[in-house]
Amino acid sequence: MEYLPVTAVWEITMGCNMRCDHCGSSCAEPLPDELTTEEALALCDDLKTVGLKWITLSGGEPLTRTDWPEIAGRLTRNGIKPNIITNGWLVNDEMVKMAQENGVETISISLDGNRETHDAIRKKGAFDKVLSAFQVLNRHNHVSASNTTVTKHNLHQLDEIKEILLENKVDLWQIQIGLPMGNMAKDRESIVDPSVIEYLIDYSHQTTLEGRIKVFPADCLGYYTEKESVVRQISMNSASAVLWQGCNAGKRSFGILHNGDILGCTSIRDDSMIEGNIKKRSLPEIWNDPEAFSWSRGLKKADLDGLCGECAYGDTCLGGCPNTRLTLNGSIHAENQYCVYHTSMDATSKKLATYSDAAELMETAWGYVNQQKWQLASLTLKRILEIDPQRVAALELFGFVSYNLNNFTQAKEANEAVLTSQPENAYALKGLGLSLHRLNRSEEGIVSLLKATRVATPQHMDSFFDLSVVYTELNQPEKAREILQQGEVRFPGYIARMTGAPPSYYPAC
């Protein structure tokens with residue numbers, strides 16, 4: 001698969017004139033291995049070579065690097081649109097004029113609360129510098145933005161922050177959560193609880209509908225709620241719904257550190273995820289290396305733990321923001337509790353735990369299946385199997401539901417559990433065979449499916465069709481036709497009944 005980079009974030013310096021409590025990079029002074037001007041400009045040319053469209057210059061405080069106008073100008077001449085994220089302290093008329101002369105599109109200024117809170121997080125006088133910076137941007141009619149890192153210290157001040165931004169005619173507002181990295185790793189108590197994510201999505205939705213400022217939820221906020229889709233659709237000026245399509249790190253975006261290290265995302269401060277350094281290998285060589293960014297490009301739902309590894313959206317979502325999982329749980333494969341869908345399903349599981357009538361829960365599970373609400377059906381069936389682990393009807397249905405969630409290992413295990421007590425259960429044999437096929441164990445799957453056809457009853461005669469589909473997918477059309485003919489012999493009219501069924505549809509699992 002070819003990956004084409006569209007956007008990047010470049011920490012052009014680790015130097016900073018502040019020491020913010022929540023700084024993920026723990027920035028202080030410029031480091032000795034920072035790219036020289038010549039190296040930085042050469043990188044700008046390589047960014048053109050790989051086809052980049054947009055880039056954000058950050059830090060540290062990017063404006064403390066005196067050659068930032070040269071870097072921005074080179075990017076612009078190369079057809080790449082630069083943006084800047086700054087703390088605002090050095091924003092003045094001269095700076096904005098230089099930004100405009102060098103093609104900088106958006107200047108985003110961090111605002112993390114009212115005067116007292118913002119100054120406490122950053123440094124005394126920082127709040128007034130932010131207001132001054134917004135006024136300068138307004139004087140020059142320059143596109144302005146702001147980003148807010150939400151912690152327990154400022155969660156209750158979102159309305160105040162919003163009004164400050166509106167008073168200063170700010171165009172765009174990004175909301176993100178603080179994560180335990182850099183300086184904030186020492187203050188995990190300040191990190192908001194997972195339940196806050198739904199509130200932030202609701203707040204973003206309400207603000208978006210007000211129409212006074214565009215809200216951009218960061219990639220650490222979501223996922224898969226109608227309100228989030230509306231916010232992203234409006235903020236991105238999209239004509240249709242915008243759903244989270246998974247992290248773009250190493251696929252459509254990447255990060256550049258101050259010294260030229262290339263990694264999937266600048267937020268990820270894990271040396272094992274550095275793909276190379278532009279002082280040793282060119283950017284195109286690093287990007288196009290088939291082994292590069294394998295943690296992202298090769299990530300599959302089955303690699304994820306917990307609910308993320310079973311989630312209905314897992315194949316697309318891939319657990320949401322990997323840095324959230326890494327910083328909070330120590331692994332990019334961990335489940336992501338900071339997900340609205342996750343918190344909703346977790347609440348459902350806790351509610352189901354209060355029920356003990358397996359028969360009543362089976363009716364509920366079937367209701368969810370009939371509505372194709374596979375995740376809710378799965379959670380309900382798990383509760384039933386906690387109450388009665390050997391309940392065959394629940395195991396059969398759990399296998400089917402798991403298959404529809406693409407949780408093929410789970411489906412295999414459920415059908416195997418049925419077969420331990422009912423070795424000739426046609427439904428379970430078929431489900432096991434299909435699950436094995438999807439797990440790339442097709443030869444074993446065919447053995448199980450053949451057995452299912454031999455013990456098939458009119459109720460479960462679809463085994464012939466399912467096996468024919470497997471043979472078709474394995475490019476064995478003659479065997480596919482042969483097995484359908486066998487079904488016709490066993491059940492006259494079978495082929496006519498199956499005509500028109502989609503080639504990849506398995507009527508039952």
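User: Helices (H or I, at least four residues) and strands (E, at least two) are DSSP runs, numbered from the N terminus. With that in hand, where is Gln 372 found?

Analyst: Gln 372 is in the loop between α14 and α15. Keep in mind that this is a predicted model.

User: Noted. What is phi of Gln 372 near?

Analyst: Phi is near 60° there, a positive value, and Gln 372 is not a glycine. Most residues other than glycine have a negative phi.

User: Is Gln 372 buried or exposed?

Analyst: Exposed. The relative accessible area of Gln 372 is 56%, and the cut-off for exposed is over 50%.

User: Switching topic. Where are the cis peptide bonds?

Analyst: One joins Gly 59 and Gly 60, with omega about 25°. Gly 60 is in the loop between β2 and α2 (68-77). Another joins Gly 222 and Tyr 223, where omega is about 10°. Tyr 223 lies in the loop between β7 and α8. Most peptide bonds are trans.

User: Now the sheet. What is the strand order?

Analyst: It is an open sheet of 10 strands, in the order β7-β6-β5-β4-β3-β2-β1-β8-β9-β10, and the pairing is mixed. The edge strands are β7 and β10 (274-277), and each pairs on one side only. The twist averages 25° from one strand to the next.

User: Which helix packs on the sheet by touching β1, β2 and β8?

Analyst: Helix α1, residues 37-49, does that. Its direction makes about 170° with that of β1 (7-11).

User: And what lies across β4 and β5?

Analyst: Helix α5, residues 126-139. It runs at about 160° to β4.

User: Mixed pairing, you said. How do β3 and β4 run?

Analyst: Parallel. 3 bridges join strand β3 (residues 81-86) to β4. Ile 84 stands opposite Ile 107 in β4.

User: How about β8 and β9?

Analyst: Antiparallel. 2 bridges join β8 (residues 253-256) to β9 (residues 261-263). Ile 256 stands opposite Ile 262 in β9.

User: Back to β4. Are its faces covered or open?

Analyst: Both faces are covered. Ile 107 and Ile 109 point to one side, Ser 108 and Ser 110 to the other, and all are buried.

User: Next, α7. How does its span compare with what you'd expect?

Analyst: It agrees. At 1.5 Å a residue, the 15 residues of α7 (residues 196-210) should span 21 Å, and the end C-alpha atoms are 21 Å apart. Just after the helix, Gly 211 takes a positive phi of about 75°.

User: Which residues of α7 are buried?

Analyst: Val 196, Ile 197, Leu 200, Ile 201, Tyr 203, Ser 204, His 205, Thr 207 and Thr 208. Their cover includes β5 (144-150), β6 (172-177), α8 (226-235) and α13 (340-352).

User: Last one. How does α6 meet α7?

Analyst: Their axes come within 12 Å and cross at roughly 30°. Angles under 35 degrees count as roughly parallel, so α6 is roughly parallel to α7. The crossing is right-handed. Leu 158, Asp 159 and Lys 162 of α6 make the contact with Tyr 199, Leu 200, Tyr 203, Thr 207 and Glu 210 of α7.

Definitions and conventions:
Residues numbered from 1 in each chain as written. Predicted model: local features only at pLDDT ≥ 70, side-chain atom pairs only at ≥ 80, totals over all residues. Heavy atoms only, no water. Expected span 1.5 Å × (residues − 1). Buried < 20%, exposed > 50% of the residue type's maximum accessible area, 1.4 Å probe, protein only. Contact = heavy atoms within 4.5 Å. Pairing = 2+ DSSP bridges. Axes fitted to C-alpha atoms, helices over the stretch in contact; angles between N-to-C directions. Parallel < 35°, antiparallel > 145°, perpendicular 65-115°, else oblique. Left-handed = near helix turned anticlockwise from the far one by under 90°.
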